[in-house]
Amino acid sequence: MADIYERAPRFAAEDYESSWADKLKKIWEGEPGLYGWISTVDHKKLGIRYLVTAFVFLIIGGIEALIFRLQLSVPNAHILTPEQYDQLFSEHGITMIFLYALPVLTGFSVYIWPLLLGARDLALPRLNAFTYWVFLLAGIFMYVGLAQGAGANDGWFNYVPYAERQFNGGPNIDYYALGMIFLGISTTGASINFVVTFLRLRAPGMSINRVPIMIWGTLTSSAANILAVPSVSLAFFLLWLDRNYGTHFFNVDSSGQPLLWQHLFWMFAHPWVYVIVLPAMGIVSDALPVFCRRPLVGYAAVALATVATMVLGFGVWVHHMFATGLAPAALAYFSAASLIIAIPSAISVFAWLATIWTGRPVTTTAFYFFAGFVLLFVIGGVSGFMTASVPADWQFTDTYFVVAHIHYVLIGINVFPVVGGIYFWFPKMTGRLMNERLGKWNFWIMFIGFNLGFFPMHISGLLGMPRRVYTYSANEGWTALNMITTIGSYIFAFGILLLLINIFISRRRGRLAGPNPWDAGTLEWSTPSPPPPYNFAVIPTVASRHPLWEDRLGEPGRTFENKGLLLDHGKETIGTDPLDATPNVILKMPEDTPTPLVLSLAMMAFFFGMLVHSWAVMIVSLLVIGGSVVVWLWPRPELGETAEPADV
Amino acid sequence: MHGDGAKAYPVVGLTWLVLIIAAGVVVVIGILLAIAVFRRRNITPLLLDEKMPLSHPVATSWITIGVAISSVLLLIALVWTAVVFADISNPPRKTAFTIEITGHQWWWQVRYMGHSSDTILSTANEIHIPTGVPVKLELKTADVIHSFWIPALSGKMDTIPNQTNTTWIEADKPGIYYGQCTEYCGVEHAKMRMLMVAQPPAEFQQWWRHSLQPATPPKADDARQGMISFVVHCGSCHTVAGTDAMGVLGPDLSHLASRKMIAAGTIPNTPAYLSGWIADPQAMKPGNLMPKLELTGPELANIRTYLETLK
């Protein structure tokens, strides 16, 4: 049967109740039990797994912060030793920035992308499973260091030469360096998956001016990751060589360049800041209008602003290095670029404002989080604008002012949209609504706790408090501010606890949601909640930006009046043209497989081998890696990878 | 947020400008947001009205106007930044002299560069400057990256290995200005502080001439014993000019008794604290590079007595 390569799928109407749906369910359903759990490639299961894992890291990083906030709550406290404090603040930053902030957004995207795009999975489902396992194992790898008392202790940006062996003799930095290289594999793989999915898996008719903003956010972040992650992986690899094999890249005793580290690190880490906020801003741009009962104001402007932010985001890294003695001309350029990057952000802010202003806001918990986010976004944005001014930044940099700024950015622009996104998509993921009453408490406690805890940091910074100090003396005038910050951080943590409680209660006892509890306009709300394993009974042909609002918006096209493509010869979805999304191929999707897990475990073993310099471990794990890759890539007739397809 | 000196004044002005713009933007957006939310609020949460999304204004003029206003504010900030940046990049007058400041884990080495090697004055952690005249600073490090910052006087500047960063500083009014290392540099980063003592020029000259004098050997018996013990136990790391103690790993202690603080500006220089510090430096500043020495009670007392003679 040559129809795997050339077949025109039937075009008909089918729904989720028919025998047709039963057939699809049989095809797409994974195996039950432990084997099914470790071998699944279903984007919905993996997306939720990403979200849960990222939240576990958020809780771990939060507990670390709660411990060291006690140390800072009063002057000259002796709760922690300086070394314990240094490991806790370093691990807190690493956990939140690398193990929570992007993975949580990746979780949303992994879950929601195929549903937004009208596809049955991401383009590369096995890669999706692999990047999840690598993320989990890289996080565990770094935490093994902390568990044996050798957590990273040079902050998340890990400046040399303090990170070199002569000043930092233990395995602390080796765990961090190898863990980051390992994690970079996951980030890069997931990014490639999103880019390919965007190019090839949009439902027929979903031209690029019809994709939701969330897709733009994740797409730009993914493209940026592919360009930026090599810089940091290289930096950490060179540092590992310096530390273990005596190379001289950053070693100052042999004319190594400490500023080279800063350039390589920030060329990655400044784009990273946008990587971990743009998809979150995308969540708001898509979900906020649902609660304003109107489409987003300025779709094209916001989509272009998203891309523009990312492009400019590659040209501002030196604003982390204003005090390193670089030439004034360089500082002037990066200062101007750092001011100009505020313009695309202004576009988004005014688009959200106009959407609320001209809409009819329905004040659900999710709406509270999105509206609260807009204010926090502006506060975090203007403090960033202040640090872009070089002479002013010479006062702000490396003080608590910057600590305040980074928390307004990361909590305000990442955590608040994420929690709003949970309230928004929880009904889709579980079939049940979250408790609104508890949700309002959840919002106000988080919002008040956050501002109480983090706003005073601006002031302690302006009063001269440097960051990363394990204690301070009573006569500095920082005492009351630090106590307030500690109290606020505990209130904020209580707010997060309420969220978790709400999730646990609502998962079993929440009101049933139905397919579209918010009366939203995008494709994911056309499926049952939770969606069946195959997502869509028929692949829809998209006629507008809001397929479920077409009647009311007076759009000319009708997405769901038409029938859709029927695909049932095994696991199949449709591949389309990158620009205007005309269908041009039937894609065969892979079955569940444990190979990604085996491969990631072997890679973890390889990194442990590097850590302890064990050639035996490295060689054995390399053999397993090679074997897994062969199994993974072995041509399969059911995927249409052999010359003569099997009879399926 | 205040500053004293030719370098600090324009920076304080600029900081106020960006702060006011920032606060103004937050207030205006906050008010617009509050009005937007409450103006046409739907009072039937959850029961979304199926008929709602009907007509909606295009409203892109919000973006046009908002971005236009933002751009003007950014332009003002950009121009003002450029003006201040140019203004403070060079001192307004000729600098009086150069001080070389070297960051160490976790203290500051200070050398006043004279015309010849005889007139180089070495000290640590307390930097005296004359008021009303700019002073050039050459910033270096002996180990990792540190950052030099006297908040009330000027912007910070990092000390980078194999690199000399140059800046300048000026104080208008006499007084003691506190500063602290602001680049994370290891376990005792928190306790790497310093004092900048601004004095009227005549008083400064007097301090400078006095500080150039080597220590006079003490006359009292216990202090003489202390000097001998000091040279034996402490001399390989510390220097006291005019004695055999010529170590360079730790701070120069030639005129220790005239300093206000010990342990890099973190502990008051009183007899009790000084004894405690010599007896067990790890108790007060855990992880610092000064080891705990096995000194007998009389040795400890004599060393302290000797150090107190180093006016």
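How many residues of chain B are in contact with chain A? In this predicted model, 70 residues of chain B are in contact with 76 residues of chain A. Two residues are in contact if their C-beta atoms, placed from the backbone, lie within 7 Å.

Residues are numbered from 1 along each chain as its sequence is written, while chains are lettered from A and ligands numbered from 1 in the order in which they are written. Since the model is predicted, local features need pLDDT of at least 70 and side-chain atom pairs count only at pLDDT 80 or more, whereas totals for chains, interfaces and linings use all residues.

## Interface and confidence

On the side of chain B that touches chain A, the elements giving two or more residues are α1 (8-39), α2 (61-89) and β7 (157-159) of chain B. Helices (H or I, at least four residues) and strands (E, at least two) are DSSP runs, numbered from the N terminus. The largest share of this side, 15 residues, is from α2(B). Sorted by class, the side has 42 nonpolar, 20 polar and eight charged residues. Here Ala, Val, Leu, Ile, Met, Phe, Trp, Tyr, Cys and Pro count as nonpolar, Asp, Glu, Lys and Arg as charged, and the others, Gly among them, as polar.

For the complex, the predictor gives an ipTM of 0.94 and a pTM of 0.95. Chain B has a mean pLDDT of 91, with 95% of its residues at 70 or more. This pLDDT is the predictor's confidence in each residue, from 0 to 100. Where pLDDT is low, the predicted coordinates should not be read in detail.

## The two chains

The table sets out values for each chain.

| Chain | Residues and buried share | C-alpha extent along principal axes | Radius of gyration |
|---|---|---|---|
| A | 648 residues, 60% buried | about 75 × 65 × 50 Å | 25 Å |
| B | 311 residues, 41% buried | roughly 100 × 50 × 35 Å | 28 Å |

A residue is buried if 20 or more other C-beta atoms lie within 10 Å of its own, exposed if 12 or fewer, and partly exposed in between, with C-beta atoms placed from the backbone. The radius of gyration is taken over C-alpha atoms, and the globule rule is 2.2 Å times the number of residues to the power 0.38. For chain B, a compact globule of 311 residues would have a value near 19 Å, but the chain has 28 Å.

Chain A contains 20 helices and four strands, and chain B contains seven helices and twelve strands. Of the contacts in chain A with a separation of 6 or more, 79% are between residues 24 or more positions apart. In chain B, 65% of the contacts between residues at least 6 apart in sequence join residues at least 24 apart.

## Sheets of chain B

Strands of a sheet pair through backbone hydrogen bonds, either parallel or antiparallel. Two strands are taken to pair if DSSP finds at least two bridges between them.

One open sheet of chain B has five strands in the order β3-β2-β1-β5-β8, with mixed pairing. Its edge strands, β3 (121-124) and β8 (165-169) of chain B, each pair on one side only. From one strand to the next, the twist averages 25 degrees. Axes are lines fitted to C-alpha atoms, for helices over the stretch in contact, and angles run from 0 to 180 degrees between N-to-C directions. Seven bridges pair β1 (residues 98-104) with β2 (residues 107-113) of chain B in the antiparallel sense. Within this pair, Ile101(B) stands opposite Val110(B).

Another open sheet has three strands in the order β4-β10-β9 (chain B), also with mixed pairing. At its edges stand β4 (126-130) and β9 (175-180) of chain B; each has a single partner strand, so one side of each lacks a neighbour in the sheet. Antiparallel β9(B) and β10 (residues 193-199) of chain B are joined by six bridges, and Tyr177(B) stands opposite Met196(B) in β10(B). Helix α3 (residues 201-212) of chain B lies across β4 and β10 of chain B, at about 135 degrees to β4(B).

## Backbone details in loops

Asn158(A) is in the loop between α5 and α6 of chain A. Its phi is near 50 degrees, a positive value in a residue other than glycine. Asn158(A) is buried because 25 other C-beta atoms are within 10 Å.
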